[in-house]
Amino acid sequence: MALLIKDSEIVGLVSVDEAIAAIHEGYRDQGEMPAFSAPRLRIQHQDRRLSVHTGGCHQLGVSGAFLHAERFTYLGGAQQYTHIGKRVYVTYNCDTAELMALIVGSPSLFSFETVDEAMGTETPCTSAVGTDLMARQNARILGLYGTGRQARRHLVTMCAIRPAIDEVRIYSRSNQNRAAFVDRMQPHVSARLVVVDTAEAAARGADIICLATGSNTPVLHGEWLVPGQHVTSIVGSNKAVFQQGLVAEPRREFDDEVIRRSNRIVATLKDQAIQDEQGDLFQPVHNGLTSWDAIIDLGQLASGKIMGRENDREITLFKQNSDQGVGYMALANLIVKKARAAGIGIEI
Ligand SMILES: NC(=O)c1ccc[n+]([C@@H]2O[C@H](COP(=O)([O-])OP(=O)(O)OC[C@H]3O[C@@H](n4cnc5c(N)ncnc54)[C@H](OP(=O)(O)O)[C@@H]3O)[C@@H](O)[C@H]2O)c1
């Protein structure tokens, strides 16, 4: 029998650390069996879109799809959602092919959010998997760009993978948003939160630079980077936003110089960047600054086939260009196991 699980039933069921570990296992399986996975499919009509992330994790015994719909706007040069539908996980036992569970809504992983705000909680955990495998172990200063939903969560997941972080420099365009971010988030991390007035000030001296913005244009410039830094960036997008005229150029979160300066570039999945012609990777490859062969998939790192960094001098870049089905399915698998053990959900 399959389980029907609602987001309101699983608040606090999975910790941030457990979610990161589960998603890591999903990408490990993808690294070993990439054919049991496909890039996110997104269909779009102007500001309406539907996304389907499919994936299978052969060692975890789960496969399925994660679906979501939104309407959005690019008012002010950054993406914002005007309507958000509940996320749905459809999971199968890939050994028996039985339907395992339907989970309605993303799991509420963060204590500073309500269940209704818990949309896209998986993204900062995927970012944490890649960052953990690439950033220097002795990272102490985080430069954080953005003060919205993903920035709040990335603050927590970045501090979770590097507990020695003791200072976070926060930048977004509005000083009111920066101040509100500190007020809301300081109680949730031990690191000292400091606002900075310029984008450059968040990057200078940071060990980890995390871009968690809705921006359509570069917020990080490669000329600011120094050896040893790690950059994680989350703006992904799809080519229809450009082809349908919603943006003048494909969305970018960093400039070409970041690509030029990076010794190692990892994508959540480069086939996603190729399929969607995502600006941060597709444009530099198209312009000959790097090549697809030089870009590594997260699965290769998570399965231990390739190291995330060779030494403490390298500049490393994780383009978290879209959560993949394998991560969602690995997390769903954990949720279902915990829900069954706790007697949560309805048998269907
Ligand atoms: N990779 C993935 O798997 C994945 C999954 C989901 C979402 N995303 C991406 O995550 C992005 C953010 O989503 P969200 O839910 O956090 O949006 P949000 O709550 O609207 O927050 C966006 C933040 O970006 C800041 N911002 C916008 N332009 C900026 C700029 N030029 N410089 C610095 N900060 C800037 C805004 O602050 P100010 O207005 O104060 O500047 C705001 O705090 C989305 O655009 C989406 O592309 C990626």
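In the predicted model, helix 1 meets helix 2 through Ala19, Ile20, Ile23, His24 and Tyr27. Their partners in helix 2 are Cys125, Thr126, Ala128 and Val129. By class, the residues of this contact are 7 nonpolar and 2 polar, with no charged residue. Helix 2 spans residues 123–134. The axes of helix 1 and helix 2 lie 9 Å apart and form an angle of about 70°. Angles of 65 to 115 degrees count as roughly perpendicular, and helix 1 is therefore roughly perpendicular to helix 2. The crossing of the two helices is right-handed.

Helix 1 also packs on helix 3, at an angle of about 80° and with the axes 10 Å apart. Helix 1 and helix 3 are therefore roughly perpendicular to each other. Val16, Asp17 and Ile20 stand on the helix 1 side of this contact. Val156, Thr157, Ala160 and Ile161 stand on the helix 3 side. The residues involved divide into 5 nonpolar, 1 polar and 1 charged.

Helix 1 contributes Glu18, Ala19, Ala22, Ile23, Glu25, Gly26, Tyr27, Asp29 and Gln30 to the contact. Helix 11 contributes Val326, Gly327, Met329, Ala330, Leu331 and Leu334. The class count is 9 nonpolar, 3 polar and 3 charged residues.

The domain assignment divides the protein chain into domain 1 (3–121 + 325–347) and domain 2 (124–319). The C-alpha centres of domain 1 and domain 2 are 22 Å apart. The contact between the domains draws 28 residues from domain 1 and 34 residues from domain 2. On the domain 1 side, helix 1 and strand 2 (41–45) each supply at least two residues. The largest share of that side comes from helix 1, with 11 residues. The side of domain 1 that touches domain 2 comprises 11 nonpolar, 12 polar and 5 charged residues.

The ligand is surrounded by 28 residues. The closest are Gly148, Gln150, Ser172, Arg173 and Gly214. Domain 1 and domain 2 both give residues to the shell, so the ligand lies between them. The largest share of the shell, 3 residues, comes from helix 3 (residues 149–161). By class, the shell has 7 nonpolar, 18 polar and 3 charged residues.

Technical notes:
Residues numbered from 1 in each chain as written. Predicted model: local features only at pLDDT ≥ 70, side-chain atom pairs only at ≥ 80, totals over all residues. Contact = placed C-beta atoms within 7 Å. Helix = DSSP H or I, 4+ residues; strand = E, 2+ residues; numbered from the N terminus. Nonpolar A, V, L, I, M, F, W, Y, C, P; charged D, E, K, R; others polar. Near = placed C-beta within 6 Å. Domains from an automatic or database assignment. Axes fitted to C-alpha atoms, helices over the stretch in contact; angles between N-to-C directions. Parallel < 35°, antiparallel > 145°, perpendicular 65-115°, else oblique. Left-handed = near helix turned anticlockwise from the far one by under 90°.
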